[in-house]
Amino acid sequence: FILQFIITFVISTYLLKIYQEYTNKKDSPDIIIDEYIGQQIPFIFLDITFLNIIMFFIFFRFFDILKFFPANVIDRKYKNYVGVMLDDIIAGIQATIIIYIINIF
């Protein structure tokens, strides 16, 4: 799964760069691969259960929409393919941490 994640991340980052250069759009709603990448991060570190999958989605969307530090800095500073991918990766990491804490209790 980790290998699939890395390959998908590398290829999609490269294709996102090409897309942005071709269309001159920075964070187009047409781009959804960043959401997919961000939502895959909890699957690397946590058990896959029905409740966890629901929490993965809810907490990822929460952090992705509100963009807490450091995602807000990345989102403001990098208006290119790097920023598009990194803010969702950070949201995925933040969601993973919260769900991990919930699972402990």
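Analyst: Two residues are said to touch when they have heavy atoms within 4.5 Å of each other. The model is a predicted one. By that cut-off, Ser12 touches Ile33, Ile37 and Met85, leaving aside residues up to four places away in sequence.

User: What makes Ser12 count as buried or exposed?

Analyst: Buried means under 20% relative accessible area. Ser12 has a relative accessible area of 7%, so Ser12 is buried. Ser12 belongs to helix H1.

User: Which backbone atom lies 2.6 Å from a polar atom of the Ser12 side chain, and what makes that a polar contact?

Analyst: The backbone atom is the oxygen of Thr8. A polar contact needs a pair of N or O atoms within 3.5 Å, one able to donate a hydrogen and the other to accept it. The 2.6 Å between the Thr8 oxygen and the Ser12 side chain is inside that limit.

User: How do you know what length to expect of H1, and what does H1 reach?

Analyst: At 1.5 Å a residue, the expected span of H1 is 32 Å. Helix H1, residues 2–23, has 22 residues and reaches 31 Å from its first C-alpha to its last, which is close to that value.

User: Which residues of H1 are buried, and why are they said to share a side?

Analyst: Phe5, Thr8, Ser12, Thr13, Leu16 and Gln20 are the buried ones. Around the axis of H1 they cover an arc of only 130°, which is why they are placed on the same side.

User: What makes a set of residues a nonpolar core, and which residues form the largest one here?

Analyst: The members must be buried nonpolar residues joined through side-chain atoms within 4.5 Å. Eight residues make up the largest such core: Phe5, Leu16, Ile31, Ile37, Ile41, Val84, Met85 and Ile89. H1, H2 and H5 are the elements that give two or more residues to this core. H5 has the largest share, with three residues. Ile41, one of the core residues, touches Phe5, Ile89, Gly92, Ile93 and Thr96, not counting residues up to four places away in sequence.

User: How do you know that the span of H5 agrees with its number of residues?

Analyst: The 24 residues of H5 should span 34 Å at 1.5 Å a residue, and its end C-alpha atoms are 35 Å apart, so the two agree. At the start of H5, a side-chain oxygen of Asn80 comes within 3.1 Å of the backbone nitrogen of Val82.

User: Why are the buried residues of H3 said to line one face?

Analyst: Those residues are Asn52, Met55, Phe56, Phe60, Phe63 and Asp64. Seen down the axis of H3 they fall within an arc of 145°, so they line one face of the helix. They pack against H2 and H5. Phe50, Leu51 and Ile65 are exposed on the face turned away from the buried side.

User: What makes Lys67 stand out, and what makes Lys67 buried or exposed?

Analyst: Most residues other than glycine have a negative phi. Lys67 is not a glycine, yet has a positive phi of about 50°. Lys67 sits in the loop between H3 and H4. With 18% relative accessible area, Lys67 is buried, since the limit is under 20%. That loop also holds Pro70. The peptide bond from Phe69 to Pro70 is cis, with omega near 5°.

User: Where in the chain is confidence lowest, and where highest?

Analyst: Confidence is lowest in H4, at a mean of 84, and highest in H3, at 93. The mean pLDDT of the chain is 88, and 100% of its residues reach 70 or more.

Key
Residues are numbered from 1 along each chain as its sequence is written. This is a predicted model: local features need pLDDT of at least 70, side-chain atom pairs count only at pLDDT 80 or more; totals for chains, interfaces and linings use all residues. Side-chain values use heavy atoms; hydrogens and water are left out. Helices (H or I, at least four residues) and strands (E, at least two) are DSSP runs, numbered from the N terminus. The expected span of a helix is 1.5 Å times one less than its number of residues. Buried means under 20% relative accessible area, exposed over 50%, partly exposed in between (1.4 Å probe, protein chains only). The arc is that of the directions from the helix axis to the C-beta atoms. pLDDT is the predictor's confidence in each residue, from 0 to 100.
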